[in-house]
Structures are given as structure tokens and as C-alpha cells.
Amino acid sequence: MENGPPSDPVLRLSGICKSFGATEANRDIDLDVFAGEIHAILGENGAGKSTLMSILAGRYRPDRGTIHLKGRPVHFANPAQALAAGIGMVYQRFMLVESLTVTENILLGLGRGRLRLDMARAEGEIREFAGRYDLQIDPSQTVSRLSMGERQRVEILKLLYRRAQILIFDEPTAVLSPPEIETLFGILRRLRDLGHTILFITHKLEEVMTLATRISILRRGEMVGSFAAGQVRSRRELARRMVGREVLLEVERPAVTRGETVYAVRDLTVQDAAGRPLFEDVALSVRRGEILALTGVAGNGQGPLTAALAGLLPDVSGQVEFLGRTWAASRWPRAPRGGMVYIPEDRHATASVPELSLVDNFLLTRLGRYRRGPLLALSQARRETVRALAAFDVRAPAGPDTTARQLSGGNLQKFVLSRELAGRPALIIAEQPTSGLDIGATEEVWQTLLAQRRHAAVLLVSGDLREVLSLADRVAVMFRGRIIETVSARDPRQAARVGLLMAGIRD
Ligand SMILES: Nc1ncnc2c1ncn2[C@@H]1O[C@H](COP(=O)(O)OP(=O)(O)OP(=O)(O)O)[C@@H](O)[C@H]1O
Ligand SMILES: [Mg+2]
């Protein structure tokens, strides 16, 4: 085999099958993993990546198939057993207790009797671990105060503290800002240098090109193949292998005439409980026919600002103008906002109810439209749900009766988008709309937003530079709670400055 790996695999999966009801998430999958590699797992939304990795980490049991670890067959009844064998996973959604400290989170579940006595010693040990792996984390800090990047490092520490040799990451960069991604890559390389083996799931092909030493691709539950990263020359080639057809990786921007200003804010300011400003003196406006991107490194105020813009934050000072009417910002949360849709970043917590069917989830933000006296026009809602699923090719095993929980991460995002855009809004506030989406779905969402701007004003909140520069007409960059500059994204010289502006550098 060309560029064949030299040694025996540290991990060998053979004939792995896993079904959820009628859905075959993994079908007869073979996979070899070699010690010391950084192995990328790729595939479209719903291809079965998270399922396969969760089997490796002991969260799911395979219906059929075997796992060999260093040549010996292993069976994991739960994650603790996988971890005891040296395999640990950092999930897409972190599993930390926010009110506890880093050390407490790491010790949690270790089942040690004399927790308090052990605490001081453990803290020292964790500090030492953090230093050795260059993880830069304060073990005495409370988790609720940590950024997403820091929380992720706590998850990594948790695994290292339990002596994990093989670390699995499910879309680790989806929640990170560009500088945090760089930091994570440094950590992953260091882990590899210190003898660990890394498996990571991602949708971002540039990450695969810079980081992976080996690549495996899943498609609709089956293994397409594994190969050395050096065999792939471009993102486009990788995309082709993944999707099985040519993918453009570019969007066309149809010319659209600008219309009236749909939405504008002035002097927006809000403070946290301690009186520190979360954002200050923010002014922006967006017109029909235009995409305005709001960008910045995570933690510079765009999270709370987006909540305020969407009318979800109380006690904001300043003014809001929407469709020709002006409101004091403090009244905006109670103002009628028909015509505005908000697509939140956290679709698990705020955009869907996991236990409910997709029809019920469809009704969630659209109740008013289906109210017929005391009754809902359920059959109509059902028809529209089916249409919304088709519009974005949402892979739902039981159609409209699928519960939100049963959808893969990317498919849930597509569903939320499809639901929100079904009503022909005048203003769309889309927060990280493609995070977790595969390249095909990302292209669809990009094209959708570009098409929506024919009749809507679009406010795109995104930390993804590629996305921002591909879609936006103008880019407002946030730094330390202020919009430090708004530049034209269609002027190459100005566009080139956006990355620097995100770091607070103005010339
Ligand atoms: N707990 C579950 N119950 C029912 N079906 C599930 C469950 N988990 C996953 N599935 C289904 O199994 C298939 C594979 O899902 P999986 O989460 O492994 O995909 P994925 O490749 O990780 O996708 P994504 O890129 O969107 O995260 C999907 O069709 C999904 O709907
Ligand atoms: Mg997944």
C-alpha cells in the first residue's frame, strides 16, 4: 500500500454495526488507527461519525463487530471502562458542572472517598499536568467563568488525569474562535509528540489539511476509506472524496439592489451585575438587500450584543429602530418583532426541545400562524414541516415524527434554519449559522442567506472569517465590547484587514 503505515494498529475496528430503530448509523465499518497519529474522521451530516466514535469511547455498544486494542479484543459496557483501557472522548457538548471548580470537575466521578483531603494534592497534580501539556488553566477557577476554549481544556485535562492514551474529539473547533483554534492545534500536536493518539471529527477541510496525518471518510453509515493525509493535495480533492462529487466551495453573489434601512441601533450599552460594560456605544444599521456581518474573537461582547439585538436582553440603554418604528432599547424585548427571525447559536438549548417531534418543534416559534380558535391547524403544520425538511434535505429517520434528539447535530441545525426562514422575514439575525454543518449544507445555507437578502436585511454573527468574507457586504468588527470599525467586505484591501481588526490592531 502506498504510504502504508509501518506498524500494527493500536486500535482495530472490524465490522462495526449500529442501528437506532430503522436507521443504520454504522454499517460494517472497518477502521485501523495507528499509534501517534492525528486521525481525522470526515463525512456529511448524519454519516455516522459521532456514533462510531461514541462506540469507541464506550457510550454506545455496537450491535455487531469487534474492537481490538493493541491486538486484544475489548468490550466496553460504559465510558468508564473505555477510559480505564485508555480511550477518552471530548464530546460536542461539554459535560462540566458549571458551579464547580476545574479541580472538582476533574475529580468528579473518580469515586474517591476522602475528596476534601485529596483536593489540595489533586490540585497540585492537575497544575503539573496542565503545565506539562501546556494547557494554561487555573485549577482553582470556577468553570462558569471559563471561555469555551478553557472549558475544552478542562475536558482534555479530565481525560489526561485518568491516563487516557487515545483521545477522541467530536468537532472540537466548532465552538472556538480562530486564536483558540490555533491554541488547540498546538495542544493536539503536543499530545501527539508526547505519545498520545488523536482522533478528531471535523467539517472544516482546512483543519484536516493542516493537522491530520491520516484521514478516514464515512458516507451514509459506511466507511469510504482511509488514507495518508499526504495523498490529498487540496481541499477540493478532499471534498470530492467526501461527498462523492465535485463541490464548488465557493458561492456566487447575485447582484441585489439595496432597499430601505430595516434595522438600526444607536448607543447600545449594557453592564453586567458588577457594573462592567458587556458592550458599549454600539451603533449599526442594515438595509434590505444587504448582509452585515458582526464578527470578532469570542468573548468580545458579540454574544450579549446579539442577544440584545434579538430583543432577549433586559436593561439595555440606547435606541432600536425596526421597520420604521423607534424604541428605547429597554423596551425592545417587549416590542412586537413580527418580521424578525433569530437563529441562535445554541440550537440545543434555545432553538429546539429534544423530546418533542419535529412537528411540535416546528410549531414552537410559529404557533401564532396556526392558531384557529382553540385548535391548531395540525395537518397544515405537518405539511409545512415536511416541506421544511425537504427544503434543506434534513435527514430525519421518521420524517416529521422524528424527535429533535434523534437528529444528528448538523441536521438539527438545518431544521432550525428551515423553520425560521419559512416565513419570509424582513430581518434575519443568524448566529453562527453553519457551525457543525458539512460542506454541502454550508453551501446551501450560504446560498440561502444570499437569496434571502433579496427581500430581507441579514445580520450575520460569525467568527468564521471565510464565512464572513464570502457572504457579507460590510463587516463590523468587535473588540473589547465595541465595534472598532466597519469595513467593506467587497473591497479586497479592507477585507484583508478584518483578521487584524479582530485582534484589536487598527492599521
Ligand atoms: N440517539 C439516537 N437515536 C436515534 N437516532 C440516532 C441517534 N443518534 C444518532 N442517530 C442517527 O444516526 C445517524 C448518524 O448520526 P451521527 O450523530 O453519528 O452522525 P454524524 O456523522 O456525527 O453527523 P453530524 O456531522 O451532523 O454530527 C443519523 O441519521 C442520526 O439521525
Ligand atoms: Mg456528530
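Let's start with ligand 1. Its shell has 20 residues, and Phe 20, Ser 50, Thr 51, Ser 408 and Gly 410 come nearest. Near here means a C-beta atom, placed from the backbone, within 6 Å of the molecule. Helices are DSSP runs of H or I with at least four residues, strands are runs of E with at least two, and numbering goes from the N terminus.

A word on what we're looking at. This is a predicted model: local features need pLDDT of at least 70, side-chain atom pairs count only at pLDDT 80 or more, and totals for chains, interfaces and linings use all residues. Residues are numbered from 1 along each chain as its sequence is written, while chains are lettered from A and ligands numbered from 1 in the order in which they are written.

What is the shell made of? By class, 5 nonpolar, 12 polar and 3 charged residues. Nonpolar is Ala, Val, Leu, Ile, Met, Phe, Trp, Tyr, Cys and Pro; charged is Asp, Glu, Lys and Arg; the others, Gly among them, are polar. Domain 1 (11–243) and domain 3 (357–424) each give the shell at least three residues.

Now the domains. The chain splits into domain 1 (11–243), domain 2 (259–339 + 425–507) and domain 3 (357–424). Those bounds come from an automatic or database domain assignment. Between domain 1 and domain 2, the C-alpha centres lie 33 Å apart. Their contact takes 13 residues from domain 1 and 12 residues from domain 2. Contact means C-beta atoms, placed from the backbone, within 7 Å. On the domain 1 side, α6 (178–193) and α8 (235–243) each supply at least two residues. That side has 7 nonpolar, 4 polar and 2 charged residues.

Next, sheets. Strands pair if DSSP finds at least two bridges between them. One open sheet has 6 strands, ordered β6-β7-β8-β3-β9-β10, with mixed pairing. Its edges are β6 (87–90) and β10 (222–228), each pairing on one side only. Inside the sheet, β3 (38–43) and β8 (197–201) run parallel over 4 bridges. There, Ile 41 has Ile 201 in β8 as its bridge partner.

Last, β21 (474–479). What does Arg 474 stand opposite in β22? Ser 488. Leu 292, in turn, stands opposite Arg 474. β13 (291–295) pairs with β21 in the parallel sense, over 4 bridges. β22 (482–488) runs antiparallel to β21, joined by 6 bridges. Their hairpin has 2 residues between the strands, and Arg 480 takes a positive phi near 45°.

Key
Contact = placed C-beta atoms within 7 Å.
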